Amino acid sequence: MSSGLLADRLNDALASLESIPVARVTGRLVKVNGLMLQAVGCRFKLEQRCLVEADDGEMIEAQVVGFDHSITYLMPIRQLGGLFAGAKVIPLDGDSTVHIGEHWLGRVLNGLGDPLDDGIPLKGGERVSLEPCPINPLKRRPVDTPLDVGIRAINGLITLGKGQRIGLMAGSGVGKSVLMGMITKNTTADVIVVGLIGERGREVREFIEHNLGEEGLKRAIIIAAPADESPLMRLRATKLCHRVAEYFRDQGKDVLLLMDSLTRYAMAQREIALSLGEPPASRGYPPSVFSLLPQLLERAGNGEHPEGSLTAIYTVLAEGDDQQDPVVDSARAILDGHVVLSRTLAEQGHYPAIDINASISRCMSNCTEQAHVTVANQFRQLNANYLQVKELLPLGGYQPGQDPDLDQAVMQQPQLKAFLMQAVDEVTDYPSSLTHLAQLFSQQAGAVQ
């Protein structure tokens, strides 16, 4: 080796020594208050990941959620255990990333991307950040193609489009999860991403076996963070299911994202915000919740790819069947439509218990022909007219022949009710839904078909 080449390598080696840290700066744990950890002695960044030392040598992953002067507030991603005063807190460099690929299909994962099933460990794939760059709104593809969900009432009267975001809003026990399962089985999509956030743990297996089935699971990715997980894990699982859906959308695939539920996501953020001392603003929800909801929901929808689409369906829990619940009201203002489920209809055995007159699809007019919209509006008018006289019928207070519109509504009510009801295992595609709807109004049948 020549002396000149040796000298160059020596100079390069000496220059690289300047970039090698002489010590690793760590903080220390000084207080634990519920799920909130307090650390000092190190410079942390907001949302930075950290490792907290436990007494058995295990490192517990946590995330920076706030600070107060020199005190940094951390929240663990997993459940606490084995912490002690003075434990090392090691900051981690870089953003939160995951390796996503086709091998994720058919798997059940947690919020960290670790398998919950008995499958092989996930290795390889493209490394992507959990925090993607926002899409220029002028470059988003418009919602102009109808989406077949296999449910007659939605296809015919609340038509959805590919790339639309919609909410299923109802109180507990009215059939949100069952309706979401029907949509999952019946909708044609290349990839289905299901986020089970903050719900009962037993529902994870039930959803896979009863709603998806073996064939449906092959094109689905399940990301679960049940109610017993930490609030930070529920937030991370929500971000992960959106990031996975965005990844496949940007690959040119038609993606269906189903999240159960958006309310549990808001509750997880509420737990964190209240622990940090943020004052409650509306029914116990602090202001940060209502600033995070649009940031999350705007990630769904179509992107810049000329072919891919991302349709998102969120269940929203209306506590006490109150449609003015702050989370329900905020979601209704952000989403591209909502399907309201009625407890009164559910108690009558009317499934799916969709309140047609309270539900709306803001993209329906962009995805369908004007004749279809006209017939759907006529259906709504007949249903609304019937509801006006429904309570008078058993009392004999309604006299036929006084109002032709009311007479037609009462006469056609059995057909309208039959159109709205559908068994769990029954599938009605989009063309059949329009044909059935047109048969109710024979004078416009040709226009709709």
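Analyst: A residue counts as buried under 20% relative accessible area, as exposed over 50%, and as partly exposed in between. The model is a predicted one.

User: Is Val32 buried, partly exposed or exposed?

Analyst: Val32 belongs to strand S1, residues 27-33. Its relative accessibility is 42%. Because that value falls between the cut-offs of 20% and 50%, Val32 is partly exposed.

User: Where is His69, and what is its phi?

Analyst: His69 sits in the loop between strand S4 (59-68) and strand S5 (71-76). With 77% relative accessibility, it counts as exposed. Most residues other than glycine have a negative phi. His69 is not a glycine, yet its phi is positive, at about 55°.

User: Which loop holds Arg283, and what is its phi?

Analyst: Arg283 is placed in the loop between H6 and helix H7 (287-297). Its relative accessibility of 52% makes it exposed, because the cut-off is over 50%. Its phi is positive although the residue is other than glycine, with a value near 50°.

User: Which residue is joined to Ser261 by a cis peptide bond, and what is omega?

Analyst: Ser261 is in the loop between strand S15 (254-260) and helix H6 (262-275). Most peptide bonds are trans. The cis bond here joins Ser261 to Asp260, with omega about 10°.

User: What is omega for the cis peptide bond between Tyr351 and Pro352?

Analyst: Pro352 lies in the loop that runs between helix H9 (343-347) and strand S18 (360-361). The cis bond joins Tyr351 to this proline, and omega is about -10°.

User: Is Arg152 buried or exposed?

Analyst: Arg152 is part of helix H2, residues 152-157. Beyond its neighbours within four places in sequence, it contacts several residues, among them Phe419, Glu426 and His436. Its relative accessible area is 5%, and the cut-off is under 20%, so Arg152 is buried.

User: Which backbone oxygens does the side chain of Arg152 reach, and at what distances?

Analyst: A polar atom of the Arg152 side chain lies 3.4 Å from the backbone oxygen of Ala418. The side chain also reaches the backbone oxygen of Met421, at 2.4 Å.

How values were computed:
Residues numbered from 1 in each chain as written. Predicted model: local features only at pLDDT ≥ 70, side-chain atom pairs only at ≥ 80, totals over all residues. Heavy atoms only, no water. Helix = DSSP H or I, 4+ residues; strand = E, 2+ residues; numbered from the N terminus. Buried < 20%, exposed > 50% of the residue type's maximum accessible area, 1.4 Å probe, protein only. Polar contact = N/O pair within 3.5 Å; in protein donor to acceptor, adjacent residues only side chain to side chain. Contact = heavy atoms within 4.5 Å.
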